[in-house]
Amino acid sequence: MAEILVLVDHVDGTVRKPTLELLTLARRLGEPSAVFLGPGADAATDTLGTYGALKVYVVDAPEIGDHLVTPAVDALAQIAASTRPAAVLLPSSLDGKETAARLAVRLESGLITDAVDITAGDDGRPVTEQSVFAATYQVTAHVTEGVPVITVKPNATAPEPAPVTPVMEKVDVTFGPAATATRVLSRTPRVGGDRPELTEADIVVSGGRGVNGAENFAVIERLADALGAAVGASRAAVDAGWYPHSHQVGQTGTQVSPQLYIAAGISGAIQHRAGMQTSKTIVAVNKDADAPIFELVDYGVVGDLFKVLPQLVDEIEKRV
C-alpha cells in the first residue's frame, strides 16, 4: 500500500489529539508514517504506534525549535522526495496551514486546506470534503497534480486505535538559507486551565451578546464544567471585553467542529456561523425566536439563558 505522511503535532513529545485523527484518516488511504520534528520522539512513539503509524521519521535538529515553519517545510519536502508518499496530511492550525502551503509549492503539488473528511477515491487517491463560503456549502475535491498536501480541521473524525510497532528512522535534513532567516527569541507559555483546548474539545459551550456582561459568563462556565467542555464566545462578547479574544469562535477567530456545540445568547451572525457550522450537533438558547442561529440548529430553546442553563446544569448533575 501507498505511504501516507502525517506531520505530528506535539508539545515536548506529548502528541496532540489532531495527530491521532490524522493517523486514523491516513489508514483509509494507505500506510501511515509519522513525521516527528524536534525532541521527544521516544516518548511519542508508543502513542503514534497505537494509532497505526508504521514508521516514525524523526528530525531532531536545532533549526526545528529555534526558527519558524521553514525548517519544517525543508524536512517534509526532503522526506517526501525520498519516500514518494501518496499524500501528506497536516493539522489545520496556523502553523500547519502555512507549512502545507509552502510544502505544496516546493513539491509543485495541489493543496487542500480545512478538510472535514477524507476518503479514498476509485483510483485510490484522496478525496476530501470541505465546508466553504462560510460553511454554506459542502464540496468534494481532489488534487490533480503532484503529491496531495491536505490540512484537516480538528474533530474531523474520532481517533481509532490500530496498534502496531513502529519503526523509527532518524533523518538528517539539509536546511536552506531561508530556514534560519528568522529566529525565535523567546516564548511565553500560555497559562491553561482544567478545561480542554477550544480547537480540540468534543463539546463547546459559547456565550454571546445575550450574556450581557463579563460577570455573567459564570453561567456559561458552569455548564461547560458540568459537560467537561471548552468555553467559547462570540465576537460581540470578546469585543465588549467580557471574555478573552483567544476564546472567540468565528471566521476571524477560532474555527471549531466539536461533537456538540451549545450557543447561548448568540444571534447567529454569518461570521460566527462560519466558525462553528460544521459541528456535529448544534444546540441554541436564545430569547429571540427569529434569531438566525435557529436556522442551523439541531435543537433550539426559545428562552432566557439565565433560566434555561441553570436547569440544564442541575439535570446534568443529577445524571452524573
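Contact here means heavy atoms within 4.5 Å. In this predicted model, local features need pLDDT of at least 70 and side-chain atom pairs count only at pLDDT 80 or more, while totals for chains, interfaces and linings use all residues. Residues are numbered from 1 along each chain as its sequence is written, and side-chain values use heavy atoms, with hydrogens and water left out.

Leaving aside residues up to four places away in sequence, Gln-130 touches Ile-112, Thr-113, Asp-114, Ala-115, Val-116, Tyr-137, Gln-138, Val-139 and Ala-141. Gln-130 belongs to strand β8 (residues 126–132), where helices (H or I, at least four residues) and strands (E, at least two) are DSSP runs numbered from the N terminus. Its relative accessible area is 14%, so Gln-130 is buried (buried means under 20%, exposed over 50%, and partly exposed in between, with a 1.4 Å probe and protein chains only). The side chain of Gln-130 reaches the backbone oxygen of Thr-113 at 2.8 Å.

## Two domains

The domain assignment, which is automatic or from a database, gives domain 1 (3–170) and domain 2 (203–318). Their C-alpha centres lie 31 Å apart, and the contact between them takes 7 residues from domain 1 and 9 residues from domain 2.

The area buried between domain 1 and domain 2 is about 730 Å², with carbon and sulfur atoms giving 50% of this; buried area is the accessible area (1.4 Å probe) that two parts lose on being put together, summed over both. Between domain 1 and domain 2 the count of salt bridges is 0, a salt bridge being a side-chain nitrogen of Lys or Arg within 4 Å of a carboxyl oxygen of Asp or Glu.

## Salt bridges

The structure holds 15 salt bridges. In one of them, Lys-17 pairs with Asp-202, the closest N and O atoms being 2.6 Å apart. Lys-17 lies in helix α1 (residues 17–29) and Asp-202 in the loop between β11 (167–170) and β12 (203–207), so this pair ties together parts that are 185 residues apart in sequence. Asp-202 is partly exposed, at 40% relative accessibility.

Another salt bridge joins Asp-74 and Arg-106, with the closest N and O atoms 2.7 Å apart; Asp-74 is in helix α4 (residues 70–83) and Arg-106 in helix α5 (residues 94–107), 32 residues apart. Asp-74 is buried at 5% relative accessible area, whereas Arg-106 is partly exposed at 43%. Asp-9, Arg-16 and Glu-200 are linked in a network of salt bridges.

Definitions and conventions
A polar contact is a pair of N or O atoms within 3.5 Å; within protein, one must be able to donate a hydrogen and the other to accept it, and residues adjacent in sequence count only if both atoms are side-chain atoms.
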